Amino acid sequence: MAKAGYQNTKIVATVGPACSSYNGLLELAKAGVDVFRLNFSHGTHAEHLEVINHITAINLKFGFHCGTLADLQGPKIRIGNIEEKEVMLHNGAEIVFTSDRVPGNAERVYMSYENFPKEVEAGERILLDDGKLVLQVISTDREREVRLKVIHGGMLSSKKGVNLPDTKLTIPSMTPKDHEDLQFILKQPSVNWIALSFVRKAEDVKELADLIEAAGHTAKTIAKIEKPEAIRNIRKIIKQANGIMIARGDLGVEVAMEKLPTLQKEIIRLSINRSRPVIVATQLMDSMINNPSPTRAEITDVANAVLDGADAVMLSAETSVGKHPALVVHAMNKIITEAEKHYSPRIQHSVPSAKSRTYWSDTVCYHAARMAQDVNAKAIIGMTTSGFTAFKISSYRPLDSKIFVFSEQLHMLNALNLVWGVQTFFYDKFSSTDETIYDVVNILLEAGEVKKGDIVINTGSMPMHKKYRTNMLKLTLVD
């Protein structure tokens, strides 16, 4: 059974009560979802396991390669419970944030981050409820209490999130809950990507990567960019991570709002240059949580992400708790399809560097994309075990040539479903080079992806059975 029309830009959909059943997930997969996101801020391990099993079963039954992304909650800072459900904070009023677990009111509120009094400085901004309320630090006793002034007030209710854009925090990127969730995730072989929230530096991502490697798991890392400190360290973070998510919710709160569009474009540009898939996330189709169609601004937002070159666009509450999960995916697919007609890559790639440890393979992938353009090749075909070839060729954004990747690693095929333009096929024969090339071209011919007389570019390694890094480039006429 085929999925909805194929696009280069992929769709990530968050799973929740609105779509977590087998039939709900199948409907989204048919509608065009490429990767399912499991949000570990919500749900139990048993509920997530059921979803993982459903995705695995759907992939096997229908021949899909839907990826699975596990998203760790990270150190989310919140206030405690408010006594009367909600309280009005008036402009100019003063309020105390305390480490004591007191019922909250207009004068005193519990805040979950114990080191807050030690790390905050007078004059720093404190943002509540996604930036709807703005406070400023007056003083701190360095132990348990911080006195703040209300700059922009409003109604405050229980458990609202706290953002500290001006404060340099020592809080670890992975909380005890994250470590517990990670232990569960690393027992699930079909999880392909693990996202780390509130990344501030490359070492945060390395810590996660080391834990994944120690467990012998195949999952790849995604760094969620949502802190000003991450922006300052963005190049090193992109180099360390396997993928990037521009998490515009918290990022849009913690940086000046007018900077968000250009930050999105720059992070996408840097990610593509490093051959890292990049996801644009948060509020892309927010109105469709309740409505059957998106706003004009949302349509433009999705299209701009496509025109910026993002590998994927992500749905959050729209699919997890919204009223029209499949309708949202269909609408997003239509927007992507139209936007891609006008996409023209503006990324300027440097030639492969002889200093790179993958120089030979870099050179093959670079020239595969160049040659495909020169000879008007219909497809670039790669054989991969690690995914390197797919990441690299995709980063050159060969608009006029489809990218087909063959592998015997099912987990790799599912992981690559996140990557711009990549279509994956299972293949486990790998005999001689000539036989394998003939075989994969015939598979594409029978699938209707190429036709007789087409020119395709083959990449791979010689000898095939050794599965070295990519070291071969061949121009093939389909006959």
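## Basis

The model is predicted: local features need pLDDT of at least 70, side-chain atom pairs count only at pLDDT 80 or more, and totals for chains, interfaces and linings use all residues. Residues are numbered from 1 along each chain as its sequence is written, and side-chain values use heavy atoms, with hydrogens and water left out.

## Helix 13

Helix 13 covers residues 359-375. Helices (H or I, at least four residues) and strands (E, at least two) are DSSP runs, numbered from the N terminus. The expected span of a helix is 1.5 Å times one less than its number of residues. For the 17 residues of helix 13 that gives 24 Å, and the end C-alpha atoms are 24 Å apart, so the two agree. Asn376 follows the helix, with a positive phi near 55°.

Buried means under 20% relative accessible area, exposed over 50%, and partly exposed in between (1.4 Å probe, protein chains only). The buried residues of helix 13 include Tyr366, Cys365 and Val364, and also Ser361 and Asp362.

## Aromatic pairs

There are nine aromatic pairs in the structure. Rings of Phe, Tyr and Trp (its six-membered ring) pair if their centres lie within 6.5 Å; planes under 30 degrees apart count as stacked, over 60 as edge-to-face and the rest as tilted. Phe40 and Phe184 form a tilted pair, because their ring centres are 6.2 Å apart and their planes lie at 50°. Phe40 sits in the loop between strand 2 (35-39) and helix 2 (45-62), and Phe184 in helix 4 (residues 176-185), so the pair ties together parts 144 residues apart in sequence. Phe40 is buried at 2% relative accessible area. Phe184 is buried too, at 11%.

Phe406 and Tyr427 are edge-to-face, with centres 6.2 Å apart and planes at 90°. Phe406 belongs to strand 18 (residues 402-407), while Tyr427 lies in the loop between strand 19 (422-426) and helix 16 (433-446), 21 residues apart. Both Phe406 and Tyr427 are buried.

## Nonpolar cores

A nonpolar core is a set of buried Ala, Val, Leu, Ile, Met, Phe, Trp, Tyr and Cys residues joined through side-chain atoms within 4.5 Å. The largest has 72 residues; Phe36, Ile194, Ile244, Met285 and Met332 touch the most other members. Helix 12 (residues 325-340) gives the most to this core, with eight residues. Another core, of 30 residues, lies apart from it and has Ala415, Leu418 and Val419 among its members.

## Salt bridges

The structure holds 24 salt bridges. Each is a side-chain nitrogen of Lys or Arg within 4 Å of a carboxyl oxygen of Asp or Glu. Asp129 bridges to Lys160, with the closest N and O atoms 3.8 Å apart. The two lie in separate loops, 31 residues apart. Asp129 is buried at 13%; Lys160 is partly exposed at 24%.

Asp210 and Lys206 meet at 2.9 Å, N to O. Both are in helix 5 (residues 202-214), four residues apart, about one turn of the helix. Lys451 pairs with Asp454 at 3.4 Å. Lys451 is exposed at 53%, whereas Asp454 is buried at 7%. Asp100, Arg108, Arg144 and Glu145 form a network of salt bridges.
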